[in-house]
Amino acid sequence: MSLTAAIRTAQNSLMNTARQTIVTTRNITEASNENYVRRDAVVVSSLNGARVVDVRRNSDQDLLRDSLRALSNSTAQSFISSGADRLQRLVNGTDNSTAPSTLLAAFEDALQLYSSDPSNTLLASSAVYSAKEVADGLNSASLAIQEYRGDIDQDISNSVSALNDLLVSFKQVNDEVIQGTRVGADINDALDERDTILKRISEFVPVSVVQRDGNDFALYTGQGVTLFETVPRSVTFEPLNSYSPGMTGNAIRIDGVPIIGGDGANTDSVGSLAAMVQMRDDIAVQLQSQLDEVARGLVTNFAETDTSGGTAPAMAGLFTYAGGPAIPATGTVSSGIAVTLSVNAAFDPSIGGDPELLRDGGANGAAYVANTTGGAGYADRLIDYAERMNDPLPTDIGAGIAGIYSVSGYAESSLGWLESLRKTATEAADSKTALYERLDGALQSATGVNIDEEMAILINLEQSYEASARIIRAVDEMLDVLMAAVN
């Protein structure tokens, strides 16, 4: 090898080492950045030794795709789990102290106590006040559910705005990648940013990526709806100012196509937007319907019937509602009845009513009086009411609980339904989150920075630099000797 060839080889080695050192140093600097993909300097042989021809990202598209899907699943399930927890607190309280089943049990106790001493006006008032607590509890729980649905609408609105912003950002970065690919520029940072935006989009909707010529990406949702293709597609939603039972929320639309909410506690919703739709229009609605069924059962059980032998229709007695005094239809949800359920003013001693009407009947007129003799020890009607609390009533399967239950049994089943939902949703959330964390960990391991490996590379580069420097010094010394000999 000539001295000229040796010096060129050493110079190439120094330049290669410098570029590799820059790459390795950048890797070490970004080691804590989970959105950074490790860079590798690509070295090829040449006439004067090796040379760095490219800096490539150590990406893994298969792992990235699986991680994005798992992120969408985990985000959806976590929303269902947290939503079930919130409904539990709103309806039943942290210790089930405000649960309809708890309030009904207290009312039954008061009713039983009154039936054992029907001449006691204090016990009569106590039973009526206990009935008011049941009605107030159902009112409050129903209003809280509808308020929660409104909160979900606001969350959806904020999420839709964030998603639209992300799609605008995605276009900017995608255009940068396409332009950089066209002119041969370094696009690694842009690719990192594009993948980061994809992760954030996947929290809202599932994303399917199609790579086209020139490193261009097109995005589609799990339903096959175009999310981005050259330009972002519009995501639209109009929130409602408030909710009442029976109201249906507005759809979230991507490119005009509505997002469909999933089903089940272990939800098949993918992405937080679908989970929000499911919680707003399915789970919360079913729970409201269960409260309505309890309220309907109370109105029916405590109705007054004609005792005169006539044909007067049954009328609302102790419990009434906005549609009263008519009795609601049997076996079908009366939407919103739990919101307006109240104790009949005729029974309420706090506003001048007579609580002993619970014993005697007659709130709807003389034809409905049961205690026709006016006996203070008359208890037949109270005993009958207590027994009705455990008599089966047809219920609407659309409320999420199948079968025939008593009012008390249905309230207990509703409590169990929500507890089961919470348990299943929490377990599924733990499982789906663990899967995402494993996949994300595998992705980080495959594409992230290992400090130990990078430091080892840095030591090797230092040694390579020293070797190249020694060659240059040796050639310099040989040239000095040669020049001295010539002189």
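**Entry 1: the core.** I began with the largest nonpolar core, which holds 100 residues. Within this core, Ile201, Leu273, Leu298, Phe302, Phe319 and Leu358 touch the most other members. I then looked up which helix gives the most to this core, and that is α4 (residues 121-183), with 20 residues. A reminder to myself: this is a predicted model.

**Entry 2: Leu298.** Leucine 298 is in contact with Leu104, Val134, Leu138, Phe319, Leu341, Met389 and Val407. Phe319 is also on my list of residues that touch the most other core members.

**Entry 3: α3 against α10.** Leu104 from the last entry sits in α3 and Val407 in α10, and I wanted to know how these two helices pack. The axes of α3 (residues 100-116) and α10 (residues 407-447) come within 8 Å and cross at roughly 150°. Angles over 145 degrees count as roughly antiparallel, so that is how α3 lies relative to α10. I noted the crossing of the pair as left-handed. On the α3 side I found Pro100, Ser101, Leu104 and Glu108, which meet Val407, Ser408, Ala411, Glu412 and Leu415 in α10. Sorted by class, this contact has five nonpolar, two polar and two charged residues.

**Entry 4: α3 against α9.** Next I checked α3 with α9 (residues 380-388), whose axes come within 9 Å and cross at roughly 155°. α3 and α9 are therefore roughly antiparallel to each other as well. This crossing is left-handed too. Here Leu111, Gln112, Tyr114 and Ser115 of α3 meet Leu382, Ile383, Tyr385 and Ala386 of α9. Which classes make up the contact of α3 with α9? I got six nonpolar, two polar and no charged residues.

**Entry 5: Asn92.** My last stop was asparagine 92, found in helix α2 (residues 61-92). Is asparagine 92 buried or exposed? Its relative accessibility is 3%, so asparagine 92 counts as buried. Not counting residues up to four places away in sequence, asparagine 92 touches Leu87, Ser97, Thr98, Ala99, Pro100, Leu415 and Leu418.

Conventions
Residues numbered from 1 in each chain as written. Predicted model: local features only at pLDDT ≥ 70, side-chain atom pairs only at ≥ 80, totals over all residues. Heavy atoms only, no water. Core = buried A, V, L, I, M, F, W, Y, C linked by side-chain atoms within 4.5 Å. Buried < 20%, exposed > 50% of the residue type's maximum accessible area, 1.4 Å probe, protein only. Helix = DSSP H or I, 4+ residues; strand = E, 2+ residues; numbered from the N terminus. Contact = heavy atoms within 4.5 Å. Axes fitted to C-alpha atoms, helices over the stretch in contact; angles between N-to-C directions. Parallel < 35°, antiparallel > 145°, perpendicular 65-115°, else oblique. Left-handed = near helix turned anticlockwise from the far one by under 90°. Nonpolar A, V, L, I, M, F, W, Y, C, P; charged D, E, K, R; others polar.
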